[in-house]
Amino acid sequence: MMAVTETTNKSKKIHPHKFLLWISIGSICMMFAGLTSAYIVKRNQANWEEVPLSPIFLYSTIVILISSLTMYLSYKAFKSREMQQYKRLITVTAALGVLFAVLQYLGFRAMANHGILLLGPGSNAAASFLVVIIGLHVVHVLGGVVALLVTFFRAFRTRVKSYSTMPIELVSTYWHFVDILWIYLYLFLYFSR
């Protein structure tokens with residue numbers, strides 16, 4: 001009876017890496033909740049001048065949604081030991097992550113080309129908030145892209161392979177998180193104008 005209880009207790013414990021990931025996700029959520037709250041407070045001030053979002057940000061939203069789907073399918077393929085399918089899907093997910101970051105950059109460039117001063121003296125407070133909020137999200141996405149690239153290179157290495165699902169599960173969880181976070185931020189910025 002004692003051995004069964006010990007096994008049951010061990011199986012209910014969360015892996016330390018997973019625990020750390022969830023703590024990090026909670027911290028990131030708090031940071032973006034603070035930023036979006038500050039945006040709302042600042043928006044109600046008299047000198048607030050609204051800034052339109054570039055349509056390119058909608059395209060980046062579509063890209064990150066597709067990447068979330070390919071991430072889910074790659075994780076599913078890994079669990080099923082369909083390694084060729086996994087390699088293809090993790091490659092597509094990594095490429096879509098890079099494309100998302102490029103589209104974010106192009107979105108800011110398009111706004112700057114339309115005369116919107118994003119940072120520096122004389123810039124609009126709304127534009128500065130956009131740069132900070134979206135820029136911080138892009139930094140988190142780039143962290144996810146690095147994790148995807150590490151996962152990608154591990155998938156193609158020729159040494160003995162480990163079939164532990166934990167690394168891919170962690171990357172998958174984080175990737176879905178940055179996807180959901182971007183959807184929240186995009187909808188927040190789009191509808192708060």
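These are legends for a handful of close-up views of a predicted model.

View 1. Of its 193 residues, 42% count as buried. Take the contacts between residues at least 6 apart in sequence: 82% of them join residues at least 24 apart.

**View 2. A salt bridge links glutamate 169 and lysine 18.** Side chains of opposite charge can pair when their charged atoms come close. Here the N to O distance is 2.6 Å for glutamate 169 and lysine 18. Glutamate 169 sits in helix H6 (residues 166-191) and lysine 18 in helix H2 (residues 16-43), so the pair ties together parts that are 151 residues apart in sequence.

**View 3. Helix H3 packs on H6.** Two packed helices are described by the angle between their axes and the distance between the axes. For H3 (residues 56-79) and H6, the axes come within 10 Å and cross at roughly 160°. That angle is over 145 degrees, so H3 is roughly antiparallel to H6. The crossing of the two, H3 and H6, is left-handed. On the H3 side, the contact includes Phe57, Leu58, Ile64, Leu65, Met71, Tyr72, Tyr75 and Phe78. H6 brings in, among others, Ile168, Glu169, Val171, Trp175, His176, Asp179, Trp182 and Tyr186. Sorted by class, the contact of H3 with H6 has 15 nonpolar, 6 polar and 2 charged residues.

**View 4. Helix H2 packs on H5.** Now for H2 and helix H5 (residues 125-156), which pack at an angle of about 170° with their axes 10 Å apart. H2 is therefore roughly antiparallel to H5. From H2, the contact is made by Ile28, Met31, Phe32, Leu35, Ala38, Tyr39 and Lys42. Facing them from H5 are Ala125, Phe129, Val132, Ile133, Leu136, His137 and His140. By class, the contact of H2 with H5 has 11 nonpolar, 2 polar and 1 charged residues.

**View 5. Arginine 81 has a positive phi.** Most residues other than glycine have a negative phi. Arginine 81 isn't a glycine, yet its phi is about 65°. Look for arginine 81 in the loop between H3 and helix H4 (83-113). Is arginine 81 buried or partly exposed? Its relative accessibility is 40%, so arginine 81 counts as partly exposed.

Definitions and conventions:
Residues numbered from 1 in each chain as written. Predicted model: local features only at pLDDT ≥ 70, side-chain atom pairs only at ≥ 80, totals over all residues. Heavy atoms only, no water. Salt bridge = Lys/Arg side-chain N within 4 Å of Asp/Glu carboxyl O. Helix = DSSP H or I, 4+ residues; strand = E, 2+ residues; numbered from the N terminus. Axes fitted to C-alpha atoms, helices over the stretch in contact; angles between N-to-C directions. Parallel < 35°, antiparallel > 145°, perpendicular 65-115°, else oblique. Left-handed = near helix turned anticlockwise from the far one by under 90°. Contact = heavy atoms within 4.5 Å. Nonpolar A, V, L, I, M, F, W, Y, C, P; charged D, E, K, R; others polar. Buried < 20%, exposed > 50% of the residue type's maximum accessible area, 1.4 Å probe, protein only.
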